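Here is a short report on one protein chain.

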Amino acid sequence: MRELLGRLSALDPDAENAVRVIDFFDALVAAHSGLDGLIRGAAVLAGVPAGLDEADRHIRLRIGPDGHRLDPVPLRDTWAMTSLGDSGTARVWIERTAGLSSSDAMILERLSAGVQLVLDRTRTKSAFRDPALVEVLLDGNATDAVRRDAARKLGMPDQLKARVVATLPIGAGVEESGAVDWLPSALLRWHTRMGRVGASIVPMTRDWTGDADTLVRAGIGPVTGLTELPKAWQAAFDVLRLTAAGTLEDPGPRQLRHDAIGGLALLPRLMDREIAEIDDVGALESAARLGPWTFTVLEAITSHKSLRQAAASLHMHHSTLSERLRQLELELGYSFDAPEGRGRLYIALALRRLQRSSNLP
């Protein structure tokens, strides 16, 4: 279809728009976008709100063209709408009431196909492992009654105490595969995908607070109850953004706990728009020209008590480390010996990790 439309696009602008819509949704599906991402994409493309209603699993999403969630409203027969699957219990729509264009029709067609793929992918033989129900629990727009019903179907206790863990795999190609082989077993039971990021609800009876030997980046949220799971998910996601891959280019902690980093957990909410304007972050990138060792040296000096400990962690002689630190101090313009200088460096490195994670959903 894409090849045919591509040939027609030179003659028909509507065909060219259709190609763009197809490519847009294909990219979302390839990135394993969840229901939220697909509905948001349709709304942005159409310029009007879009939505999904899945009665069997109590999923109701409605998102405006600015990408923000909207309150559910009664469905109108005048909207462009289509049913999914054979049961007819799931419907998607765009809130166009008149003058449906060929682009609108293609948006609705690709939206329904993408949503059906996600629903099929997340529908398992056992409701106790249904990822779509986990997504409902983490949805801040779900009512308490809907959330309790989803929890009951998942076999969760009424007085649940759990952590939410946001995860990213470490390793080329793993993330795109859609497999969950990289996940520790403690995170597998109540797990779903939010775009590129894994989301797991872990009861305190199987508490998981990190494992240095596991090849996974993890933001571990605070202990919470059923009604606070959406806030716990947001906290876990924010903490994930402060982790690093633990590589030469991106050194730093692979796993962090929300209740162990204090006020640092607020940075993602406070700083997203201002990071690009902070001179210290730009200076770090400029310092990278000194050598591939730049960030591992800076990370080591902020995470060890002494120069000798930092040098040992890098398998480097302390005199060599001292010389490299001298070069970095000249480049960055402040000393790492003073407490305020080391604190300044620690915050700058955290902000750099935060900036590098800005493409996460």
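## Overall fold

Of the contacts in the chain with a separation of 6 or more, 62% join residues 24 or more positions apart. The model is predicted. It has 14 helices and 9 strands. Of the 361 residues in the chain, 48% are buried. The chain exposes about 17500 Å², and carbon and sulfur atoms supply 53% of that area.

## Helix H13

Helix H13 covers residues 318-332, 15 residues in total. From first C-alpha to last, H13 reaches 20 Å, close to the 21 Å expected at 1.5 Å a residue. Its buried residues are Leu321, Leu325, Leu328 and Leu332. Seen down the axis of H13, these buried residues fall within an arc of 60°, so they line one face of the helix. An α-helix has 3.6 residues a turn, so residues three or four places apart point the same way.

Just after H13 comes Gly333, with a positive phi of about 90°.

## Ser112

Ser112 is found in helix H4, residues 102-122. Is Ser112 buried or exposed? Its relative accessibility is 13%, so Ser112 counts as buried, the cut-off being under 20%. Which residues does Ser112 contact, leaving aside neighbours within four places in sequence? Ser112 is in contact with Thr82, Leu84 and Val92.

Key. Residues numbered from 1 in each chain as written. Predicted model: local features only at pLDDT ≥ 70, side-chain atom pairs only at ≥ 80, totals over all residues. Heavy atoms only, no water. Helix = DSSP H or I, 4+ residues; strand = E, 2+ residues; numbered from the N terminus. Buried < 20%, exposed > 50% of the residue type's maximum accessible area, 1.4 Å probe, protein only. Contact = heavy atoms within 4.5 Å. Expected span 1.5 Å × (residues − 1). Arc of directions from axis to C-beta. Areas by Shrake-Rupley, 256 points an atom, 1.4 Å probe, with all protein chains shown as cover.
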